[in-house]
Amino acid sequence: MSDPKASSIGILGSGAAGLITAYTLLRDGFTNVTIISRDSKPGGVWSDERVYPGLTINNVYGEFRFSPQLSLAAKDGLKRLSGFEMRDYMKKFADNYLEGVIRYGFHIIGVMRPSNNSSSGWNVRVEDVRTKQQQTLTFDRIVLCTGGCSEPYIPEEISPKSAKHASFKGHVFHSSQFRTQLDKLQAEGKDERGFGEVVIVGGGKSAQDVAAYLANKSVRSSVVFDKADAFLAVTSPLPDAIRRSRFLSILSPHSSLNSRLERFLHTTSLGSTITHFIWNKIIAGSFDAAGVTKDSPLRNTQDAFWGVRINDEGVPKPNGFHMLVKAGKIDIVAPARVASYSSDGESVILNNGGKLKADTVVLATGYTSSWHPLFDEQTAAGLGINRHPPDPSLVKSEDEWNNYVSLSNPPAAHPSSEQWASSIYRGIVPAKNLFNRDFAINGAVFTTNNGYAFEVTAHWISSYFLNDSNLKLPSSPEEALAHADRNSAWLRKRYPDMLLWANESYSSNLAFWTWPQVIDEMLSDMGLKVYRSGGSWLTWPFKVIELKEIEKLKEERDELRLETES
């Protein structure tokens with residue numbers, strides 16, 4: 001198509017990534033942009049159907065918004081936005097900038113090429129949530145924004161089906177359905193006590209949020225987990241120069257160390273000692289701030305340095321999970337795992353042989369890939385979206401980072417051959433489909449500053465669709481795949497076993513602490529300024545990263561495009 005802006009673009013998903021992608025494409029002159037959503041309201045994980053009382057934002061960098069729209073004022077004195085406040089922000093953004101762009105209430109059944117022999121264009125098969133009628137929508141380009149937290153993962157042995165087979169008399173549901181179950185109780189004229197005795201399976205944030213909400217409603221629960229998420233906590237709010245700067249990012253090694261300070265911290269013995277001393281102090285201080293005693297099962301957490309399963313508690317509140325556990329209002333059963341349902345119809349059986357009585361079982365067991373239901377095997381193979389076994393020659397490339405002294409003593413992990421590699425270049429474009437320029441992904445890079453990351457990624461995608469000559473891309477799909485393989489090798493080195501935990505629809509890259517470095521790489525691809533927070537050789541690690549740094553990215557890209565064309 002001679003004019004890319006005239007192409008039709010389907011954005012799959014109305015979460016934060018989908019909203020900012022649509023906004024960016026429209027501002028860049030694309031005139032035929034449609035968001036497809038199965039929900040009735042915008043927001044994705046923050047949509048009205050999914051948020052519930054007690055849910056708060058989990059964001060180390062303190063804000064989750066887009067540059068065009070200021071954040072709503074948090075009612076929480078510590079500036080922690082609730083799920084409802086995030087819902088309202090997303091709705092306001094959609095109302096202000098995306099009127100008529102979103103088609104609600106359409107469940108996406110499948111995405112495929114128009115014919116087996118076609119290498120361009122897309123058919124999106126959808127079903128009306130209300131009427132169950134199906135239709136096919138056609139688009140020239142697709143942006144996949146379904147995210148990693150929309151398809152519940154439920155182990156078969158503790159699924160509702162297994163509960164029914166065991167004649168379990170209680171309720172069993174995934175934590176993503178908690179709001180729906182609350183509404184059902186209310187419709188029946190009951191309050192939260194209608195849940196009875198509750199067993200919550202999992203140690204992540206959803207499990208903790210649900211347990212805290214129930215405890216604050218005088219409903220006791222037992223939370224069962226092998227390991228809980230790690231967390232950051234402090235006794236008083238951290239200054240922005242620590243919380244919202246590059247400070248934490250430079251304490252975490254990146255695949256490329258672009259400053260003298262990073263090279264010192266991660267490739268010298270003294271620097272490594274300093275790095276781990278600071279991390280150990282952060283972890284110990286978090287336990288102390290949350291009142292977690294040395295004999296508490298809550299000490300059984302993921303590793304905050306070697307993993308990405310980390311929550312930001314800020315200043316722990318009396319009505320928060322850890323303080324409620326300390327007060328004896330939530331029971332912890334750990335390390336343990338719910339293995340099955342008892343034949344007595346009213347209990348669950350633990351892997352250690354124990355039993356817990358349960359009227360309600362909440363499965364806070366995480367999520368599986370949102371991509372798998374959308375693509376048949378042939379489409380996925382043609383697009384090149386699936387993970388693949390690591391190239392044996394590239395597995396050896398993990399040795400590339402053997403000079404990183406800070407990574408000298410990793411925890412035990414599965415063999416590299418079991419930790420499959422992403423096929424997605426930059427976490428945005430399937431390498432195999434690189435030169436078709438008709439498919440991109442936003443939301444597959446795991447970061448702690450989603451608003452900033454989604455917005456920069458949206459600009460990268462728009463430049464890619466516009467065929468901007470200043471956007472640096474690999475010279476071939478093979479080179480793009482080699483880049484993705486190298487990055488996966490790095491992730492196996494940096495975050496052992498995390499590729500086995502995180503589903504592929506949000507783990508094309510794990511830029512948890514190092515999102516500023518990854519953002520700089522995307523900005524560099526576009527020929528734009530990096531290290532935007534500024535600062536001198538002494539102050540740059542502590543300069544606060546602000547959304548205003550990227551509010552003029554469109555104008556910068558336009559100017560660069562004109563310079564290139566002239």
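**Close-up views of a predicted model**

**View 1. Lysine 548 in its loop.** Lysine 548 sits in the loop between α16 (515-525) and α17 (553-565). Helices (H or I, at least four residues) and strands (E, at least two) are DSSP runs, numbered from the N terminus. Lysine 548 counts as exposed, at 59% relative accessibility. Exposed means over 50% relative accessible area, buried under 20%, and partly exposed in between (1.4 Å probe, protein chains only). From C-alpha to C-alpha, lysine 548 and serine 175 are 35 Å apart in space and 373 residues apart in sequence. The model is predicted: local features need pLDDT of at least 70, side-chain atom pairs count only at pLDDT 80 or more, and totals for chains, interfaces and linings use all residues. Residues are numbered from 1 along each chain as its sequence is written, and side-chain values use heavy atoms, with hydrogens and water left out.

**View 2. Two phenylalanine pairs.** Rings of Phe, Tyr and Trp (its six-membered ring) pair if their centres lie within 6.5 Å; planes under 30 degrees apart count as stacked, over 60 as edge-to-face and the rest as tilted. The count comes to 30 aromatic pairs. Phenylalanine 173 and phenylalanine 195 form a tilted pair, 6.1 Å centre to centre with 40° between the planes. Phenylalanine 173 is in strand β9 (residues 171-174) and phenylalanine 195 in the loop between α4 (178-187) and β10 (198-201), so the pair ties together parts 22 residues apart in sequence. Both phenylalanine 173 and phenylalanine 195 are buried. Phenylalanine 231 and phenylalanine 287 pair edge-to-face, at 5.6 Å and 80°. Phenylalanine 231 belongs to strand β12 (residues 230-233) and phenylalanine 287 to helix α9 (residues 269-289), so this pair bridges parts 56 residues apart in sequence. Phenylalanine 231 is buried at 6% relative accessible area; phenylalanine 287 is buried at 9%.

**View 3. A ring cluster and two charges over rings.** Ring pairs join Trp279, Phe305, Trp306, Phe446, Trp501, Tyr506, Phe512 and Trp513 into a cluster. The charged end of arginine 113 sits over the ring of tryptophan 122, 3.7 Å from its centre. The criterion is NZ of Lys or CZ of Arg within 6 Å of the ring centre and within 35 degrees of the ring normal. Arginine 141 lies over the face of phenylalanine 465, 5.2 Å from the ring centre.

**View 4. Helix α8 against α9.** Helix α8 (residues 260-267) and α9 pack at about 85°, with axes 5 Å apart. Axes are lines fitted to C-alpha atoms over the stretch in contact, and angles run from 0 to 180 degrees between N-to-C directions. The two helices, α8 and α9, are therefore roughly perpendicular (65 to 115 degrees). Phe264, Leu265, His266 and Thr267 in α8 meet residues of α9 including Leu270 and Ile274; contact means heavy atoms within 4.5 Å.

Notes: Parallel < 35°, antiparallel > 145°, perpendicular 65-115°, else oblique.
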